[in-house]
Amino acid sequence: MDCVVVGAGVVGLAVARALALSGREVLVLEQENIIGSHTSSRNSEVVHAGIYYTPDSLKARLCRRGRDLLYSYCIERGLGHSRCGKLIIAVDPDQLEKLEAVSAYAARNDVHDLVRVSGAEIAELEPNVVAIAGLLSPSTGIVDSHALMTSYEGDIENSGGMVVCRSRVERIEQSGGDLICYPGDPDGIEIAARTVINAAGLFAQDLANSTSGLHEAQIPRQHLAKAHYYTLNGRQPFKRLIYPANNKDGGQSIHVTIDLGGQVKFGPDMRWVSTIDYDFDDSKRQDFIAAIKSYYPTLDPENLVPGYTGIRPRIFGPSEETADFRIDGPSVHGVEGLINLFGIESPGLTASMAIGDYVSQMAKTAIRG
């Protein structure tokens, strides 16, 4: 093969799509039965404006470009999405300073469409929300992530590529001018490729540790951050996403997100875990209720029900500084033809098309031979 992409989450599919559209022969190998089984289908489906990320980081640059590409793509393809907007709110005076910091960060990230709103204006926009001030982000929205991934897959196939599920890559070895992928097939199939993209998400470090020529120092340690989302039964009380500002002490806030069907979701929280499992732990329910009632005081706790969980593949741990995306080519690790993607968490969905283009360009100089 010319190119093998390992992982058919939204980012792996976007990378494969970009490679296929550039004229490369592409095979995507996915270990699960269907595409997007992990992080890509267990998130809030938010299209982020690009406000919060470290200025000039990959997250900041790829989020902004990816946002614009994503909206245009959804319009062109008729994919479900809504530029519904987001309110970042302060519910007490201690959070006003955080709003100022968000506004300054947005400006540094070339996001210039935030609108300051008063408590009275918030009450007009969202009658069920109680807050003293806020920022309106009109560029924030939501997208049907499953339809998006299916569309990416269609683009790959229409360009001559192929997505194969139930194909876990056990290891990668160097052999002459090729990288050999071993899918663990009982028939002993081996796939030789000029270019291999490790976009395995939660399993990217496992694959990297099974790749010949990669040293341990070139593989960042993975930290698993588990998120819980509750859903709301009954009438939908919000028109926009609601993001309470964090407190000065860094305390976590619980967001309101909505989907295209009008379902309200509260979350995520964040809990560090050591293994991948999607069981729902209801033990923090009262913490959720208290956080939600701080801005939505009429919440009926009886209508708050466990929804789902997701896990972010972070490359920073508790008390460590937030890390940027890692997109490592041969100039970093020395293995020709290989590109590793590590720590592709939020805003990976928003940035997916921009990440695809970025990796496709990098792959031009990573080609072996």
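Q: Which residue of β8 is the bridge partner of histidine 81?
A: In this predicted model, strands are taken as paired where at least two bridges link them. Histidine 81 has valine 143 as its bridge partner in β8. The pairing of β4 with strand β8 (residues 141-143) rests on 2 bridges, and the two run antiparallel.

Q: In what order do the strands of that sheet lie?
A: The order is β3-β8-β4, an open sheet of 3 strands with antiparallel pairing. Since β3 (46-47) and β4 (81-82) are at the edges and have a single partner strand each, one side of each is left without a neighbour in the sheet.

Q: How many bridges join β1 to β2, and in what direction do the strands run?
A: Strand β1 (residues 3-6) is joined to β2 by 4 bridges, and the two run parallel. Valine 4 has leucine 27 of β2 as its bridge partner. Together with helix α1 (residues 10-21), β1 and β2 make a β-α-β unit that is right-handed. On strand β9 (residues 162-164), 3 bridges connect to β2, again in a parallel run; here leucine 27 stands opposite methionine 162.

Q: Which way do the residues of β2 point, and are they buried or exposed?
A: A residue counts as buried under 20% relative accessible area. In strand β2 (residues 26-29), Val26 and Val28 point one way, Leu27 and Leu29 point the other way, and all are buried.

Q: Where is valine 130 placed, and what does valine 130 touch?
A: Valine 130 sits in the loop between α4 (119-125) and β7 (133-137). Its relative accessibility is 47%, so valine 130 counts as partly exposed. Leaving aside residues up to four places away in sequence, valine 130 touches Val91, Ser294, Tyr295 and Pro297. Separation in sequence and in space can also be read as a pair: valine 130 and isoleucine 191 are 61 residues apart in sequence and 58 Å apart in space, C-alpha to C-alpha.

Q: How is a pocket found, and what is the volume of the second largest pocket?
A: Rolling a probe the size of a water molecule over the atoms shows where empty space is left. Here the second largest pocket has a volume of about 250 Å³. Its lining comprises 16 residues, and those nearest the centre are Gln205, Arg221, Gln222, His223 and Leu224. At least two lining residues come from each of α6 (204-209), β14 (223-232) and β18 (271-273), with α6 giving the most, 3 residues. By class, the lining of this pocket holds 8 nonpolar, 5 polar and 3 charged residues.

Q: Which peptide bonds are cis?
A: The omega angle is the value to read. From glycine 267 to proline 268 the peptide bond is cis, with omega near 0 degrees; proline 268 belongs to the loop between β17 (264-266) and β18. The bond from serine 346 to proline 347 is also cis, with omega near 10 degrees, and proline 347 lies in the loop between β21 (338-342) and α9 (348-366).

Q: What is phi of aspartate 110 and of arginine 166?
A: Aspartate 110, although not a glycine, has a positive phi of about 60 degrees. The loop between α3 (96-108) and β6 (115-118) holds aspartate 110. Arginine 166, likewise a residue other than glycine, has a positive phi near 55 degrees and is placed in the loop between β9 and β10 (171-175). Arginine 166 counts as exposed because its relative accessibility is 62%.

Terms used: Residues are numbered from 1 along each chain as its sequence is written. This is a predicted model: local features need pLDDT of at least 70, side-chain atom pairs count only at pLDDT 80 or more; totals for chains, interfaces and linings use all residues. Side-chain values use heavy atoms; hydrogens and water are left out. On a 1 Å grid over the protein atoms alone, a cavity is a set of points where a 1.4 Å probe fits but cannot get out, and a pocket is an open set with protein on both sides within 12 Å along at least five of seven lines; lining residues have an atom within 4 Å of a point. Grid points are joined across faces, edges and corners, and a volume is the space filled by probe spheres set on the points. Ala, Val, Leu, Ile, Met, Phe, Trp, Tyr, Cys and Pro count as nonpolar, Asp, Glu, Lys and Arg as charged, and the others, Gly among them, as polar. Buried means under 20% relative accessible area, exposed over 50%, partly exposed in between (1.4 Å probe, protein chains only). A crossover is right-handed if, with the strands pointing away from the viewer, the path from the first strand over the helix to the second runs clockwise. Contact means heavy atoms within 4.5 Å.
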